[in-house]
Amino acid sequence: MPHTVVTTTTTTTTSTSDGGFCNTGYARSFQGLLKIGQVVILLIALLCVHYEHRRIEYSAFHYFEVVTAWFLIVFSIFFLMHLFRLQSKITCINWTLTEFLHYAVGGILVFIASIVVAVKSYGVSALIAGSVFGFIATFLIAISIWTSYKVTCGSQPTGAAV
């Protein structure tokens, strides 16, 4: 009786449709554009106050510079982390909660700094512009807080049976 041996070779090819190392789609998403907007607005606010406060020396302007520079750097790091998918490689940190807390603290501090610069501007147009951009950044941060809150807490069940 003849014997027939059948050998089956299976080749599996895995392709990533998500763009590989760099997530360029994130830069075009709502969250990505929001982070880009925050970074640009904070940079404009920082530059307006930095180059104009030399005439009027108050520590309030230095406080504004420190706050805007710090959160400019932090939001840039968050953007780069999402762009290069680093949050999926560093899993020991809850990045959603970390971003939510940074946005909450950043929103409060940038708002306070903008109020202080608006009060101490003495009619200097660049300082007023820096304060206005600080308020715009506060608004963008508030949007980030809201969207981050919705992701962190999600929609809670209301208890009503559907």
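A contact means that heavy atoms lie within 4.5 Å of each other. The model is predicted, so local features need pLDDT of at least 70 and side-chain atom pairs count only at pLDDT 80 or more, whereas totals for chains, interfaces and linings use all residues. Residues are numbered from 1 along each chain as its sequence is written, and side-chain values use heavy atoms, with hydrogens and water left out.

**Exercise 1. The overall fold**

Determine how many helices and strands the chain has, and what share of its contacts with a separation of 6 or more joins residues 24 or more positions apart.

Solution. 
- Step 1. Helices (H or I, at least four residues) and strands (E, at least two) are DSSP runs, numbered from the N terminus.
- Step 2. By this definition the chain has 5 helices and 0 strands. Its pattern along the sequence is α-α-α-α-α.
- Step 3. Among contacts with a separation of 6 or more, 78% are between residues 24 or more positions apart.
- Step 4. Buried means under 20% relative accessible area, exposed means over 50%, and partly exposed lies in between (1.4 Å probe, protein chains only). Of the 162 residues, 34% count as buried.

**Exercise 2. The annotated segments**

State which residues the UniProt annotation "transmembrane region" covers, and describe the chain over residues 63–84 and over residues 126–146.

Solution. 
- Step 1. The unreviewed UniProt entry places this annotation on residues 33–51, 63–84, 100–119 and 126–146. UniProt positions are given in the numbering used here, feature names are shortened, and annotations may be inferred rather than shown by experiment.
- Step 2. Residues 63–84 are 95% helix and 0% strand, with end C-alpha atoms 32 Å apart.
- Step 3. Residues 126–146 are 100% helix and 0% strand, and here the end C-alpha atoms are 30 Å apart.

**Exercise 3. The nonpolar cores**

Identify the residues with the most contacts inside the largest nonpolar core, and find which helix supplies the largest share of this core.

Solution. 
- Step 1. A nonpolar core is a set of buried Ala, Val, Leu, Ile, Met, Phe, Trp, Tyr and Cys residues joined through side-chain atoms within 4.5 Å.
- Step 2. The largest such core has 18 residues, and L42, F71, F75 and V110 have the most contacts inside it.
- Step 3. Helices α2 (30–52), α3, α4 (95–119) and α5 (125–153) each supply at least two residues of this core. The largest share, 7 residues, comes from α3.
- Step 4. Leaving aside residues up to four places away in sequence, F71 touches L42, H102, V105, G106, L109 and V110.
- Step 5. A second, separate core has 8 residues, including V49, F64, A113 and V117.

**Exercise 4. The salt bridge**

Find which side chains meet in a salt bridge, and decide whether E99 is buried or exposed.

Solution. 
- Step 1. A salt bridge is a side-chain nitrogen of Lys or Arg within 4 Å of a carboxyl oxygen of Asp or Glu. By this rule the count comes to 1.
- Step 2. The pair consists of E99 and K35, at 3.1 Å from N to O.
- Step 3. E99 lies in helix α4 and K35 in helix α2, so the pair ties together parts that are 64 residues apart in sequence.
- Step 4. E99 is buried because its relative accessible area is 9%; K35 is buried too, at 1%.
- Step 5. Beyond residues up to four places away in sequence, E99 touches K35, F78 and H82.

**Exercise 5. The nonpolar surface patch**

Determine which residues make the nonpolar surface patch, and which helix supplies the largest share of this patch.

Solution. 
- Step 1. Patches are made of residues with over 30% relative accessible area and no salt bridge; like charges are joined within 9 Å, and nonpolar side chains (Val, Leu, Ile, Met, Phe, Trp, Tyr) within 5 Å. Accessible areas come from the Shrake-Rupley method with a 1.4 Å probe, and for residues only the protein chains shown count as cover.
- Step 2. Y63, I108, F111, I112, I115, V119 and F135 make a patch of about 600 Å².
- Step 3. The largest share, 5 residues, comes from α4.
- Step 4. V119 is found in helix α4, and this residue counts as exposed because its relative accessibility is 61%.
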